[in-house]
Amino acid sequence: MVCVTDLLPDARTETRARIEQAALDLFTRRGFEQVTTDEIADAAGISRRTFFRYVATKADAVWGDFGSHVDRLDRLLSATRPDQPVLASICAAYVEVNDYAVADLPMLRQRMTLVLGEPALQAHSQVRYADVDRVVAEHVARRAGLTPGALLPRLVATSTRAAATTAFEVWLADGTTSLADDLHAAFDQLALGFPGLRTRAA
């Protein structure tokens, strides 16, 4: 016999997914600032009160459960082998965290198109990017014997995030490449000092 409480986690996951999909669809069609929380709730088939049980703001509906992605990135970096090059370990963690099933890619495209292109979301983005930078800087600091606030850990954190962001932008614009390939290509250029630039300059 299955208890009602056994079904709650799945029900919550399904409700949150409906909220996020409804929000992404509305934002994509009409723009982030033109959509109200009441309209998202109506489209998701829930009440306004239920909406705020799952997400605190409209921006949270775009970002989804970003905190769990940051936590997973942290766990992956903490589990890297001591002999693995630092940049390679960060690239591998980024690729694994962003390894989505094919069925989930359309929603990811909607989400990242809004995150990267909607001006009203930029302030929210900086808060979330700061969490990513913190995790990566702590990883670099552990490996290099430095403090997370030192120049090198902070520089690696922001540089690798910029590489990942650029890979996402290329993936969104191209439509024919895989996200994993674009991430690897961006990190390879960064790790090798932009060899593509030297080849073209020659």
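Thr37 is buried, because its relative accessible area is 15% and buried means under 20% relative accessible area, with exposed set at over 50% and partly exposed in between (1.4 Å probe, protein chains only). Thr37 is placed in helix α2, which covers residues 37-44; helices (H or I, at least four residues) and strands (E, at least two) are DSSP runs numbered from the N terminus. Once residues up to four places away in sequence are set aside, Thr37 touches Arg48, Phe51, Phe52 and Lys58, where contact means heavy atoms within 4.5 Å. With one of these residues, Arg48, the side chain of Thr37 also makes a polar contact of 3.0 Å. A polar contact is a pair of N or O atoms within 3.5 Å; within protein, one must be able to donate a hydrogen and the other to accept it, and residues adjacent in sequence count only if both atoms are side-chain atoms.

This is a predicted model, in which local features need pLDDT of at least 70 and side-chain atom pairs count only at pLDDT 80 or more, while totals for chains, interfaces and linings use all residues. Residues are numbered from 1 along each chain as its sequence is written, and side-chain values use heavy atoms, with hydrogens and water left out.

Seen as a whole, the chain has 11 helices and 0 strands, and the C-alpha atoms fill a box of roughly 60 × 40 × 30 Å along the principal axes. Of its 202 residues, 38% count as buried. Among the contacts with a separation of 6 or more, 65% come from residues 24 or more positions apart.

The chain is divided into domain 1 (11-61) and domain 2 (65-197), with bounds that come from an automatic or database domain assignment. The contact between them takes 13 residues from domain 1 and 10 residues from domain 2, and the C-alpha centres of the two domains lie 26 Å apart. The size of an interface is often given as the accessible area lost when the parts come together. For domain 1 and domain 2 this buried area is about 1000 Å², of which carbon and sulfur atoms give 57%; the term stands for the accessible area (1.4 Å probe) that two parts lose on being put together, summed over both. Leu24, Phe32 and Ala59 supply 44% of the area that domain 1 buries against domain 2, more than any other three residues.

The side chains of Glu20 and Arg111 form a salt bridge with an N to O distance of 3.1 Å. On the side of domain 1 that touches domain 2, α1 (4-30) and α4 (58-63) each supply at least two residues, and α1 gives the most, with 8 residues. The residues of that side divide into 6 nonpolar, 2 polar and 5 charged, where Ala, Val, Leu, Ile, Met, Phe, Trp, Tyr, Cys and Pro count as nonpolar, Asp, Glu, Lys and Arg as charged, and the others, Gly among them, as polar.

Gly64 lies in the loop between α4 and α5 (66-78) and counts as buried because its relative accessibility is 12%. Leaving out residues up to four places away in sequence, Gly64 touches Arg16, Glu20 and Arg111. The C-alpha atoms of Gly64 and Ile19 are 9.5 Å apart in space, although 45 residues separate the two in sequence.

Val95 belongs to helix α6 (residues 86-97) and is buried at 16% relative accessibility; beyond residues up to four places away, Val95 touches Ala180, Leu183 and His184. Val95 and Leu179 are 84 residues apart in sequence but 8.1 Å apart in space, C-alpha to C-alpha. Asn98, in the loop between α6 and α7 (105-117), is buried with a relative accessible area of 15%, and apart from neighbours within four places in sequence, Asn98 is in contact with Phe168, Leu179 and Leu183.

Phe194, finally, is found in the loop between α10 (179-191) and α11 (195-201). Phe194 has a positive phi of about 55 degrees although it is not a glycine, and with a relative accessible area of 45% Phe194 is partly exposed.

Technical notes: A salt bridge is a side-chain nitrogen of Lys or Arg within 4 Å of a carboxyl oxygen of Asp or Glu.
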